[in-house]
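Welcome! Keep the structure open beside you and try each task before reading on.

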Amino acid sequence: MVAAADAKNYVSKLGITHDHVVQELGWDEDTDDELRAAIEAVTGTELLDEDSDEVVDVVLLWWRDSDGDLVDALMDAIGPLADEGVVWVLTPKTGRPDHVEPSEIAESAATAGLTQTTATNLGDWIGSRLVQPKAGRPRR
């Protein structure tokens, strides 16, 4: 759990703004409710769940080592994502139960056709920002 001021700062770190539609995947009892509430306060809307069929700007994927196959989860996360949308994979910090190695995130992202751009500290969680390759780039 984080303080409300920290949670609002974390929303800024995630690049989430008022006009963003945010989908949340992998919610469980260990997720950071203060961060979730701060995101909803900034966007002015509730987080969408996995059953939504809306196009989204941001997918928050809470992910733990025991959750299964990250590549499959990322493929599911890409489905509703807008062309310029991002996936944030939120994993427990090093030393916490169910921590995920950064190399697993990078390898899974590449397999799913995503590129990892940054990682950021979000209290008890680490956020890894994944993006889709830009369309129309010449391939060599």
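**Exercise 1. Find which backbone oxygen the side chain of threonine 43 reaches, and say whether threonine 43 is buried or exposed.**

Step 1. Follow the side chain of threonine 43: it reaches the backbone oxygen of glutamate 40 at 3.5 Å. This is a polar contact, a pair of N or O atoms within 3.5 Å; within protein, one must be able to donate a hydrogen and the other to accept it, and residues adjacent in sequence count only if both atoms are side-chain atoms.

Step 2. Before going further, note that this is a predicted model, in which local features need pLDDT of at least 70, side-chain atom pairs count only at pLDDT 80 or more, and totals for chains, interfaces and linings use all residues. Residues are numbered from 1 along each chain as its sequence is written, and side-chain values use heavy atoms, with hydrogens and water left out.

Step 3. Threonine 43 has a relative accessible area of 5%, so it is buried (buried is under 20% relative accessible area, exposed over 50%, partly exposed in between, with a 1.4 Å probe and protein chains only).

Step 4. Now look at its surroundings. Leaving out residues up to four places away in sequence, threonine 43 touches Ile16, Thr17, His18, His20 and Val22 (contact means heavy atoms within 4.5 Å).

**Exercise 2. Which residues of helix H2 are buried, and where do they sit around the axis?**

Step 1. H2 covers residues 33–43. Helices (H or I, at least four residues) and strands (E, at least two) are DSSP runs, numbered from the N terminus.

Step 2. Its buried residues are Leu35, Arg36, Ala38, Ile39 and Thr43. They lie on the same side of H2, because they cover an arc of only 165 degrees around the axis (the arc is that of the directions from the helix axis to the C-beta atoms).

Step 3. Check both ends. At the start of H2, a side-chain oxygen of aspartate 32 comes to within 3.0 Å of the backbone nitrogen of glutamate 34. Just after H2, glycine 44 has a positive phi of about 80 degrees.

**Exercise 3. Describe the place of tryptophan 27 and what it touches.**

Step 1. Tryptophan 27 is in the loop between strand S1 (22–25) and H2. Its relative accessibility is 46%, so it counts as partly exposed.

Step 2. Its side chain makes a polar contact with the side chain of threonine 31 (3.0 Å).

Step 3. Not counting residues up to four places away in sequence, tryptophan 27 touches Asp33, Arg36, Trp62 and Arg64.

Step 4. Move on to one of these partners, arginine 64. Arginine 64 is in the loop between S2 and H3, and at 4% relative accessibility it counts as buried. A polar atom of its side chain lies 3.4 Å from the backbone oxygen of tryptophan 62.

**Exercise 4. Which elements give two or more residues to the largest nonpolar core?**

Step 1. The largest nonpolar core has 20 residues, and those with the most contacts inside it are Leu61, Leu74, Val87 and Leu130. Such a core is a set of buried Ala, Val, Leu, Ile, Met, Phe, Trp, Tyr and Cys residues joined through side-chain atoms within 4.5 Å.

Step 2. The elements are strand S2 (56–62), helix H3 (70–78), strand S3 (81–92) and helix H4 (102–111). H3 gives the largest share, 5 residues.

Step 3. A second, separate core of 19 residues includes Ala38, Val58, Trp125 and Val131.

Step 4. Return to H3, whose buried residues are Leu70, Val71, Ala73, Leu74, Ala77 and Ile78. They fall within an arc of 160 degrees seen down the axis, so they line one face of the helix. Among the elements covering them are S1, S2, S3, H4 and S5.
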